[in-house]
Amino acid sequence: MKRTRICELLGIEYPIIQGGMTWIANAELAAAVSNAGGLGIISPNAVMRLEDDLMANLRSQIRTAKSLTDKPFGVNLVVQIPGIEELIGVVIEEGIKVVTTAAGNPAIYTPRLKEAGITVLHLVASVRQARGAERSGVDAVIAEGFEAGGHNGFDELPTLVLVPQVVDAVSIPVVAAGGIANARGFVAALALGAEGVQMGTRFVATHECVAHQSFKDGIVAATDTGTMVTGRRLAPTRGLKNEFLAKVAELDRQGATAEELLAFIGFAPSRIGQLEGKMEEGELYCGAIAGVINEIVSAGDVVRSIVEDYSRVVTSLK
Ligand SMILES: Cc1cc2nc3c(=O)[nH]c(=O)nc-3n(C[C@H](O)[C@H](O)[C@H](O)COP(=O)(O)O)c2cc1C
């Protein structure tokens, strides 16, 4: 498989990243991806109960991952959340070498992370954001299309059009995210000029991911039309269709105010869905690519199958 600047930058064998995933990007998943030659990423709140301390949870997840792999792994920081300064402190103290940042302005935290010798990749959804991230000194951008599970950009740009435009606009390496789950998607991303991929949804449906079994089964059962985007006015988010999202969409159609929508959404609905497996009452972040995911496998096999199928896909194009 082609080695890219992302392999050199992150010290990994294959340019395949497991994206940060709120509540469910746990140490065991990250370690399995890293052990297979990709880059695993931990989310600070992985597995956490609401009464637990976020900093202690992140520290414990990092230490568990260290006990399971000698390979590099990273931490995902959503930079708008309360406590971000303290989270960065934990990441630095624990000697983490790679951080992916999402949401918010990369100019605020990148200098502190870089001073600590950390490689920073920032998630972007437009050319303007990518240029801003490059100016802020990040090492690479992750260009995430509207197909992706979880929070999406307001401009609704799909991966196929976003990635080549970001590639042309910046000189740092670009990682493609959104709608990639196998070797065909991987090769397509490289053809667009990306030097690596980040996948979320594919890694949820793995043995090592701490997501509830019902959520994993829901991804396997989903077809091409299994996801929807809600919250286009507040925070566009893609998830598995269920009663919860139907109600959010209905409130939106009725012209509910931001306060009314937030009152219905409540606190941490994605925890209720993704960790507790309440399939109709909770929120289940999921990408539109779920339709091609037909079985729950080990996270290492996700990486290995892309590596193995890569040449066959490339050859089929000749
Ligand atoms: C369940 C779930 C939770 C996610 N949570 C986060 C998050 O906390 N931070 C983040 O930067 N991205 C998050 N993402 C986005 C992923 O890191 C990744 O970029 C995205 O899933 C790629 O698109 P795909 O779902 O088509 O693979 C989440 C995605 C999923 C599916």
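Biologist: How many bridges join β7 to strand β11, and in which sense do the two run?

Modeller: The model is a predicted one. In it, two bridges join β7 to β11 (residues 237-240), and these strands run antiparallel. Strands count as paired when at least two bridges are found between them, so β7 and β11 qualify with their two.

Biologist: Which residues of β11 are the bridge partners of Gly150 and His151?

Modeller: Gly150 has Arg238 as its bridge partner in β11, and His151 has Thr237.

Biologist: What makes β10 and β11 a pair?

Modeller: The requirement is at least two bridges, and β10 and β11 have four, in the antiparallel sense. Within this pair, Met228 stands opposite Gly239 of β11. The hairpin they form has six residues between the strands, and Gly231 takes a positive phi near 70° there.

Biologist: What is the strand order of the open sheet, and why are β7 and β10 called its edges?

Modeller: The three strands follow the order β7-β11-β10, with antiparallel pairing. β7 (150-151) and β10 (227-230) each have a single partner strand, so one side of each is left without a neighbour in the sheet. Strands of a sheet pair through backbone hydrogen bonds, either parallel or antiparallel.

Biologist: Which domains are assigned, and what does each bring to the contact between them?

Modeller: The domain assignment gives domain 1 (5-210 + 295-316) and domain 2 (213-288). On the side of domain 1 that touches domain 2, β7 and α9 each supply at least two residues. By class, that side has eight nonpolar, nine polar and two charged residues. The C-alpha centres of the two domains lie 22 Å apart.

Biologist: How do you know that the shell around the ligand draws on both domains?

Modeller: At least three of its residues come from each of domain 1 and domain 2. There are 30 residues around the ligand, and those that come nearest are Gly19, Gly149, Gly150, Gly200 and Gly287. The elements that give two or more residues to this shell are β3 (73-78), β9 (196-199) and α9 (201-204). α9 gives the most, with three.

Biologist: How does the shell around the ligand divide by residue class?

Modeller: It has 13 nonpolar, 14 polar and three charged residues. Gly counts as polar in this classification.

Biologist: Why is Ala169 called partly exposed?

Modeller: A residue is buried with 20 or more other C-beta atoms within 10 Å, and exposed with 12 or fewer. Ala169 has 17, so it is partly exposed. Ala169 belongs to helix α7 (residues 159-169). Beyond its neighbours within four places in sequence, Ala169 is in contact with Val127, Ala130 and Arg131.

Biologist: Which residues of helix α8 are buried, and what covers them?

Modeller: In α8 (residues 183-191), the buried residues are Gly185, Phe186, Val187, Ala189 and Leu190. Their cover includes α7, β8 (174-177), β9 and α14 (299-316). Just after α8, Gly193 takes a positive phi of about 105°.

Biologist: Why are Val47 and Ala268 called partly exposed?

Modeller: Val47 has 18 other C-beta atoms within 10 Å, and Ala268 has 17. The limits are 20 or more for buried and 12 or fewer for exposed, so Val47 is partly exposed, and so is Ala268.

How values were computed. Residues numbered from 1 in each chain as written. Predicted model: local features only at pLDDT ≥ 70, side-chain atom pairs only at ≥ 80, totals over all residues. Near = placed C-beta within 6 Å. Domains from an automatic or database assignment. Contact = placed C-beta atoms within 7 Å.
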